[in-house]
Amino acid sequence: MSQETLVTFIRNHTRLDSPSYLPEIKLHLADEAFDLWEATERQMGTTHLAPPFWAFAWPGGMALARYVLDHPDLVAGRRVLDLAAGSGVVAIAAAMAGAKEVTASEIDPLAVTAITLNATANGVSVRTVLGDILDGDGEDAQVVLAGDVFYEKLMAERVMAFLERVTRRGAQVMVGDPGRTYLPRTRFQQAAVQQVPVNRALEDADVKTTTVWRLPVTVSPDRTD
Ligand SMILES: C[S@@+](CC[C@H](N)C(=O)[O-])C[C@H]1O[C@@H](n2cnc3c(N)ncnc32)[C@H](O)[C@@H]1O
């Protein structure tokens, strides 16, 4: 699938708009998921069976992006990784807040293309990584941000193991979550609670109480650097 095909598909199925909760950020957004998912399968074929997560700003990502914009010291001058970035909403917030370098990780090629389009629309630079990095430790990222990643059991277990490896090498981890089933709440400290307006077609609600969580740093005792 050529890059041009992916760009055309995104432009044809979205509009450039700001979530009401994040008027500073423009994203290529869709209004509803099912027709878009069907169009994705029809036009992209079997290589794109993932739901179109990239066409929405999820409550966890919006809360985390809001937190980053309101607390720029968290990321300013630091290398930031946005894990499972979707539209790239959190990565874009980090770049706007003055991060030195921002990387967005995704497994969906359409998301990676959307992140680049969205970053450009906001006049910021975000590096994208296509593929699964969950068996690693986030390499040299000093801050790892993850919006709405605890919605599925196996993924949540792998994400949690990844985030714990990140904290063991001394990096900071923040998570945005609207109460998804598989978030292991007791492992986190609450940083902020927000009332986030959401897309009723996705969440069956108009507003979701969403928490920004901090994972305490637990540097491994056998680390020397
Ligand atoms: C609910 S969306 C959240 C997107 C964004 N963080 C937000 O809050 O708007 C979850 C995203 O995780 C991505 N994803 C799933 N498994 C992944 C993995 N192993 N590595 C990176 N991204 C992954 C999906 O493609 C999807 O875009």
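Colleague: Is V112 buried or exposed?
Modeller: This is a predicted model, and the count here is taken from its atoms. V112 has its place in helix α5. A residue is buried if 20 or more other C-beta atoms lie within 10 Å of its own. V112 has 22 such neighbours, so the term for V112 is buried.

Colleague: Which residues does V112 touch, apart from those up to four places away in sequence?
Modeller: Contact here means C-beta atoms within 7 Å. With residues up to four places away in sequence left out, V112 touches E106, T128 and L130.

Colleague: How far apart in space are V112 and G86, C-alpha to C-alpha?
Modeller: In sequence, 26 residues separate V112 and G86. G86 is also among the residues closest to the ligand. From C-alpha to C-alpha, the separation of V112 and G86 in space is 7.8 Å.

Colleague: How do the axes of α1 and α5 lie, roughly parallel or roughly perpendicular?
Modeller: Helix α1 covers residues 3-13 and helix α5 covers residues 109-121. Their axes come within 10 Å and cross at roughly 75 degrees. Angles of 65 to 115 degrees count as roughly perpendicular. The relation of α1 to α5 is therefore roughly perpendicular.

Colleague: Which residues of α5 meet α1?
Modeller: The contact of α1 with α5 has seven nonpolar, two polar and no charged residues. From α1 come Q3, L6, V7 and I10. On the side of α5 they meet P109, L110, T113, A114 and L117.

Colleague: Is Q3 buried or exposed?
Modeller: Q3 is found in helix α1. Q3 has 11 of them, so Q3 counts as exposed.

Colleague: How do α3 and α4 lie to each other, roughly parallel or roughly antiparallel?
Modeller: The axes of α3 and α4 come within 8 Å. They cross at roughly 5 degrees, and angles under 35 degrees count as roughly parallel. The two helices are therefore roughly parallel.

Colleague: Which residues of α4 meet α3?
Modeller: By class, this contact has ten nonpolar, one polar and no charged residues. The α3 side gives G61, M62, L64, A65, V68 and L69. The α4 side gives V89, V90, A93, A94 and M96.

Colleague: How many nonpolar residues are in the shell around the ligand?
Modeller: The ligand is surrounded by 25 residues, and the closest are F53, G61, A84, G86 and G147. The elements that give two or more residues to this shell are α3 (59-70), α4 (89-96) and β4 (101-106). Six residues of the shell are polar and four are charged, while the number of nonpolar residues is 15.

Colleague: What is phi of A84?
Modeller: Most residues other than glycine have a negative phi. A84 lies in the loop between β3 (79-83) and α4, and with 24 C-beta neighbours inside 10 Å A84 counts as buried. A84 is not a glycine, yet its phi is positive, near 55 degrees.

Colleague: Is D204 buried or exposed?
Modeller: D204 also has a positive phi, of about 55 degrees, without being a glycine. The loop that holds D204 runs between α7 (200-203) and β9 (207-215). Inside 10 Å, D204 has 9 C-beta neighbours, so D204 counts as exposed.

Colleague: Which residues is R200 in contact with, leaving aside its neighbours within four places in sequence?
Modeller: R200 has its place in helix α7. With 11 C-beta neighbours inside 10 Å, R200 counts as exposed. Its C-alpha is 28 Å from that of M160, which is 40 residues away in sequence. Beyond four places in sequence, the contacts of R200 are A205 and D206.

Colleague: What radius of gyration does the chain have?
Modeller: The chain has seven helices and nine strands, and buried residues make up 45% of its 225 residues. A compact globule with 225 residues would have a radius of gyration near 17 Å. The chain agrees with that value, because its own radius of gyration is 17 Å.

How values were computed. Residues are numbered from 1 along each chain as its sequence is written. This is a predicted model: local features need pLDDT of at least 70, side-chain atom pairs count only at pLDDT 80 or more; totals for chains, interfaces and linings use all residues. A residue is near a molecule or strand if its C-beta atom, placed from the backbone, lies within 6 Å of it. Helices (H or I, at least four residues) and strands (E, at least two) are DSSP runs, numbered from the N terminus. Ala, Val, Leu, Ile, Met, Phe, Trp, Tyr, Cys and Pro count as nonpolar, Asp, Glu, Lys and Arg as charged, and the others, Gly among them, as polar. Axes are lines fitted to C-alpha atoms, for helices over the stretch in contact, and angles run from 0 to 180 degrees between N-to-C directions. Angles under 35 degrees count as roughly parallel, over 145 as roughly antiparallel, 65 to 115 as roughly perpendicular and the rest as oblique. Two residues are in contact if their C-beta atoms, placed from the backbone, lie within 7 Å. The radius of gyration is taken over C-alpha atoms; the globule rule is 2.2 Å times the number of residues to the power 0.38. A residue is buried if 20 or more other C-beta atoms lie within 10 Å of its own, exposed if 12 or fewer, and partly exposed in between; C-beta atoms are placed from the backbone.
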